[in-house]
Amino acid sequence: MNTKHLSENDTCPEKTGKLRIYSMRFCPFAQRARLILWHKRIQHETVNINLTNKPKWFLQLNPNGATPIIEKDNIIIYESSACCEYLAEMYAKSLIPSDGLTRVRHRMFIDAFSSVTGKYHDLLFSRVDKSVGMPALRNSLKPYEAEIKDKFFGGSEPVLLDFHMWPFIERFAVLEKTLGEKVMTEDELPKLIKWRKNMEDLDCVKKIRKEPEEHMIYLSARLKNELPDYDHDIENDPVL
Ligand SMILES: N[C@@H](CCC(=O)N[C@@H](CS)C(=O)NCC(=O)O)C(=O)O
C-alpha cells in the first residue's frame, strides 16, 4: 500500500496488521525512517498525508501533526529519531553501535545534527546571505568530518547516524543548484565527500532518493506558499 496524500475528508485506510508508516513523499524526516525500512527490507505499508489539509485522525496519532509516524499493532511512535531508533533496534540486525562510548557519541551527533539542518534551512529560505550561510553550514559539518574513520560512521556498514544525516545531505544538491556553489568541498570536507559516495551506493538510498529537480517541485511550491503537488509521479514509487 502506498496511498495518495490523504486530506481532511479522507478516511484512514483499514489496518492490515503490517507495520505502517505515515509519511509525506518529500519529507526528509520521514525519509530517515523509510531508508531504514528499505535497508532492512521490513515489509510495510505507506499512508501519505497531505500536510496542508490534515485528516483529524492523523492529528490523533501525533498531536504535533507531523510525519513520520510508525504504527505497529497498538504501538505508535512519532518523531523521526524515535521512529528510526525503534526500527533500528526492534528489527534485526541492530543499527545501534554495541560499544557504549560509540553509542553515546553517535547519540550526541544525532542530537547535534539539528544545527546542520537549521543552517540548511536558513540558506534554503534565504534567511541568510550565502557568503555567510555557506561557510556556517560547512563549519557545522566539521565535527562529522572529524568523526568518520571508515566507509560509514560505524565502520564498514551503515548505522543509525548515517541514515539520520542522509536526507539532508541529499538535499544539499538543491542548494548547490539554486546558489551555484558546492556545500562540501574537497579542501574542507574530503572524508564526507567519500562518505556521500558510499551512501549513494547503498541499495536503500538508490531506491528512494529523489533528484534535485524532484525536490524542487515540492520546495519551490513551499517557498512560494503554494499548494505542493504531493502526488507528483507517485505511481513510480517503489513498494516493498
Ligand atoms: N521533529 C520532527 C519534525 C518532523 C517534521 O517537521 N515533519 C514535517 C514534514 S517534512 C511536518 O510534518 N510538518 C508539519 C506541518 O507541515 O504542519 C521529526 O524529527 O520527526
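The legends below describe close-up views of a predicted model.

Local features are given only where pLDDT is at least 70 and side-chain atom pairs only at pLDDT 80 or more, whereas totals for chains, interfaces and linings use all residues. Residues are numbered from 1 along each chain as its sequence is written, and side-chain values use heavy atoms, with hydrogens and water left out.

View 1. Contact, meaning heavy atoms within 4.5 Å, joins 15 residues of domain 1 to 17 residues of domain 2. Between them the two domains bury about 1,500 Å², of which 70% is on carbon and sulfur atoms; buried area is here the accessible area (1.4 Å probe) that two parts lose on being put together, summed over both. Gln-31, Arg-32 and Leu-35 supply 40% of the area that domain 1 buries against domain 2, more than any other three residues.

**View 2. Polar and charged pairs across the interface of domain 1 and domain 2.** A salt bridge is a side-chain nitrogen of Lys or Arg within 4 Å of a carboxyl oxygen of Asp or Glu, and one such bridge is found across this interface. Five residue pairs, both residues being at pLDDT 80 or more, are in polar contact across the interface; a polar contact is a pair of N or O atoms within 3.5 Å, where, within protein, one must be able to donate a hydrogen and the other to accept it, and where residues adjacent in sequence count only if both atoms are side-chain atoms. On the side of domain 1 that touches domain 2, α1 (28–39) and α3 (80–90) each supply at least two residues, and α1 gives the most, with nine residues. Helices (H or I, at least four residues) and strands (E, at least two) are DSSP runs, numbered from the N terminus.

**View 3. The salt-bridge network of Glu-85, Arg-107 and Asp-111.** The side chains of Arg-107 and Glu-85 meet with N and O 2.5 Å apart, while Arg-107 also forms a salt bridge with Asp-111, whose closest N and O atoms are 3.0 Å apart. Arg-107 and Asp-111 are four residues apart in helix α4 (residues 100–124), and are therefore separated by about one helical turn. Arg-107 is partly exposed at 31% relative accessibility, and Asp-111 is partly exposed at 47%; buried means under 20% relative accessible area, exposed over 50%, and partly exposed in between (1.4 Å probe, protein chains only).

**View 4. Two further salt bridges, Arg-25 with Asp-237 and Lys-130 with Glu-181.** A search of the whole structure finds 16 salt bridges. In one of them, the side chains of Arg-25 and Asp-237 meet at 2.8 Å, N to O. Arg-25 lies in the loop between β1 (19–23) and α1, and Asp-237 in the segment after α9 (212–223), so the pair ties together parts that are 212 residues apart in sequence. Arg-25 is buried, with a relative accessible area of 5%, and Asp-237 is buried, with 17%. In the bridge between Lys-130 and Glu-181, the closest N and O atoms are 3.7 Å apart. Because Lys-130 lies in helix α5 and Glu-181 in the loop between α6 and α7, this pair ties together parts that are 51 residues apart in sequence. Lys-130 is partly exposed, with a relative accessible area of 34%, as is Glu-181, with 27%.

View 5. Asn-48 is buried, with a relative accessible area of 1%. The side chain of Asn-48 makes a polar contact with the side chain of Asn-2 at 3.1 Å, and a polar atom of the Asn-48 side chain lies 2.8 Å from the backbone oxygen of Thr-3. When neighbours within four places in sequence are left aside, the residues in contact with Asn-48 include Lys-4, His-5, Leu-6, Ser-23, Met-24, Arg-25 and Ile-234.

**View 6. The buried residues of helix α7 (residues 190–200).** Leu-192, Ile-193, Trp-195, Arg-196, Asn-198 and Met-199 are buried in this helix. Among the elements that cover the buried residues of α7 are α5 (130–147), α6 (160–179) and α8 (203–208).
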